[in-house]
Amino acid sequence: MTTSLSRRSALAYAASLGVSVSFVGRAAHAGSERDLASRKLVVVVCRGGMDGLSVSPPVGDPNYASLRERIAIAPFGQPGGALKLDDTFGLHPALASVHRLALAGQARIVPAVATPDRARSHFEAQDVLESGATTAYGAGSGWLNRTLQALAPARKIEALAVSGNMPLILRGPVQAGSWSPGGLEGHDQRLPRILADLYAKDPLLGPALASGLQTQDMAKAAASMAQLQANMQASGMPAQPAPAAQPRQNPDAARQVGTTVAKFMQEPNGPQIVAISIDNFDTHANQGAAQGLLAQRLAYLDSVLGGLSDGLGAEWNNTVVVAATEFGRTARVNGTGGTDHGTASTALVLGGALKRTGIVGDWPTLQPAKLFENRDTAPTLDMRALFKGVLAEHLGIERRALDTQIFPDSATAQAARGVVA
Amino acid sequence: MAAPSQSSLLADLQASIAVTRFGLGARPGEIEAAAAAEPKAFLKAQIRPEGADQPEGRLAPSSENIAVFRGLRRERRELKGDADAAAELKQVQADIRDIAIQEMAARGRLAAATPAGFRERWTLFWANHFTVSATKGQVAPIAGSFEREAIRPHVFGRFEDMLAASSRHPAMLLYLDQAASIGPNSRAGQRRKAGLNENLAREILELHTLGVDGGYTQADVTEFARAITGWSVSRGREGAAAGEPGASDPGEAGGFMFRPFTHEPGERTVLHRTYANDGEGQGLAVLRDLAAHPATARHIARKLAVHFVSDDPPASLVGRLEGGFRSSGGRLDKVAETLIDSPEAWRPEAAKLKSPYEFVVSAWRAAGAAPDLAQPQRFVGSLSALDQRPFSPPSPKGWPDSSAEWAAPDQIVKRIAWAEQAANTMAQLNDPAEVARSALGARLSPEAATAIARAETRREAFAVLLMSPEFQRR
């Protein structure tokens, strides 16, 4: 990859003691600083081990149907069948918005990607996915937070977690905002100032309060907030058995999460880096096929992504979204109509200005001899290589920062090329 | 009045730490009581062989609550053919919600009212260690009874007993899909296409015993999963009652039951040790060895230190707790005493941020009040709004136990919103300065005391108290 170091980023390089940001010089990347300054990145963390073989079912793979039996997605054109991408792959029928984008050249699948972790533990694998380290608990901060640090000398941009608590991917020295449907209405105007004084010396509470109040102001500016809260409350307590989880089941509410985040991102000084957490993908039993438990979660994901891409309007062309999970699931259906913890899964890459189509990375196939440890989709691409490719091509981050700071000791997992550019 | 001496200041600080860090926050007069009894003795007096307190209220055993859920399934099936079943279905769903909410409020009332705050915090730690979650439909009506039946009786007994009770409880068997796991070579497995589900086996190894770095392999997970096939939930009138050889007594419908019919035959090898096939006992033998494994002692010691003291606890404290666990053979009363006797746990700086549950409970305690069981939604709604609905953690790992994770901007903003509402109620009852003294004792800083004194309204004063760094931390 050819790179040219602009004068400003050269200064940044000097200022940041070895951590440099430069801008990819190829015209195809629209590599001017001005263009780069408006770039936006959204990472959707799908927690629980999202089943890649259902997200992008390889219905053209001769072994797929027999491995999956009653939870296999039907072939193209059949009722409840996969939405066609190419001769091998389709998308789950619940991913209609993603499919619409894919047909427009604005969405791609990465069908066999995995983190370097092989323990099949949710918590270890999520840690590696979010920390960007080679091994579990290898870094205390998240790779998106370190991305902000790497960008800071050249561009100071805001980040937001769409989550009730701060996920590891954005944890670290750079303060990020967080927001989830709910929030604060009409509070005592003096109280935040009194508390800001009391929190002045508190390393946790001080920055959290400042950031929380700022996000609240932004939320007020976003026109759909009042509407969103009304909907959340109407669908929430006390009429449902599990109100906390309930709004997440509702595709309309999910779409509004997407459009609200899109509005935040279009505010002046709004977040340009966003992490969204979606959970409940751990489908050990009765995961269903075209309909069922997993289909509901995928419909939720699809609605968030659809809301985001529509809500961003013209800014969609400046945005890349990556949806990824900590691991995939077993290639074979298990004894209880579900799947157990596996290895490689599917990631989704979306954006208004993707330059290429087709799958990212190789497809290992589901031949018995190709399955990892005779049970899982074998990984053909390191998750870090995928993320590094996006950071290089979309945000113009230089290789050295990617290899050492953002993804420590990752020189062997070279940035994937041609993902978004 | 003479100026207080250094040593009496220190004694006051120790008493406030005993009540707010080891306990669940001070009720009026509690810090004075801890000081009078000597703080360590005050805490040790809360350790007792019979285990935790039991919440009071209209609470039924798991077997009855499971029957309610099975009713829901029946109505759903019948709904297809019968219009009248729709009304019945609604009623059953309402019953399940009612059961869950009563359990949540009864537990909250106990935490707010108990004079033995350490005993209850210790219990909440173990309940979170052995997580089941009402986010899974079948578990919703029995998450509360799980805690009452499998956790509370054992919190000062042997770890091994709590491990066995939790692993065999219907709530855990259903939450982690064990009830449906079938040995592929068992008679049931051969007769129909059904098989192994390794979810429970993996989480016992990773979360409940050895820990993720405890040295087990995928093969150990699978072998352990085979060993515990047959562990299931009784439907009543089956198994031994129906003449199946080797089946455990089905007892009441909704209780634990071993089904030889689904148990994988053969011996199993887990962590290099071989276990003969003696049916139900095979899995139990593995559990016993896991409880006694050194990695388990280390895993539990670290989790306890993180919960009580710091996200990044001193190695000396972890070592002390590990030693207490191993030398006592996993006797949790002894481990609790070790914790109380550890100097690292008494450091003046409050490193931990309260979880939402701890925050809300400590606010009730500061007010000297407790949630009303006739209005259970009030307590439950508070916690839903603060992202910690009782019995509903997001994954088998349980609720986060790190301050960094709870100190999210969104969380702090929501706490402010809740504190303002709570302050509205508190303002009708008490004098803010006096409540601040009784809630925090020597931990109340001059800055917070001044801000409380200067507040424009009593409502504002209580909100400042609840949101002060020393009340948010412990």
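Modeller: H20(B) passes H23(B) in a right-handed crossing. Keep in mind that this is a predicted model.

Colleague: Which residues of H23(B) meet H20(B)?

Modeller: B:Arg459, B:Phe462, B:Ala463, B:Leu466 and B:Met467. On the H20(B) side, the partners include B:Ile416, B:Ala419 and B:Ala423. The residues of this contact divide into nine nonpolar, one polar and three charged.

Colleague: What makes B:Leu466 stand out in the largest nonpolar core?

Modeller: That core has 267 residues. B:Leu466 is among those that touch the most other members, along with A:Val274, A:Ala275, A:Val349 and A:Leu386. Helix H5 (residues 85-113) of chain B gives the largest share of this core, ten residues.

Colleague: What does A:Ala275 touch, leaving aside its neighbours within four places in sequence?

Modeller: Its contacts include A:Val43, A:Leu144, A:Pro167 and A:Leu170. To count as a contact, C-beta atoms must lie within 7 Å.

Colleague: How many residues does each chain bring to the contact between chains A and B?

Modeller: Chain A brings 52 and chain B brings 58. H9(A) gives the most to the side of chain A, with eight residues. That side divides into 24 nonpolar, 19 polar and nine charged residues.

Notes
Residues numbered from 1 in each chain as written. Chains lettered and ligands numbered in written order. Predicted model: local features only at pLDDT ≥ 70, side-chain atom pairs only at ≥ 80, totals over all residues. Left-handed = near helix turned anticlockwise from the far one by under 90°. Helix = DSSP H or I, 4+ residues; strand = E, 2+ residues; numbered from the N terminus. Contact = placed C-beta atoms within 7 Å. Nonpolar A, V, L, I, M, F, W, Y, C, P; charged D, E, K, R; others polar. Core = buried A, V, L, I, M, F, W, Y, C linked by C-beta atoms within 7 Å. Buried ≥ 20, exposed ≤ 12 C-beta atoms within 10 Å, placed from the backbone.
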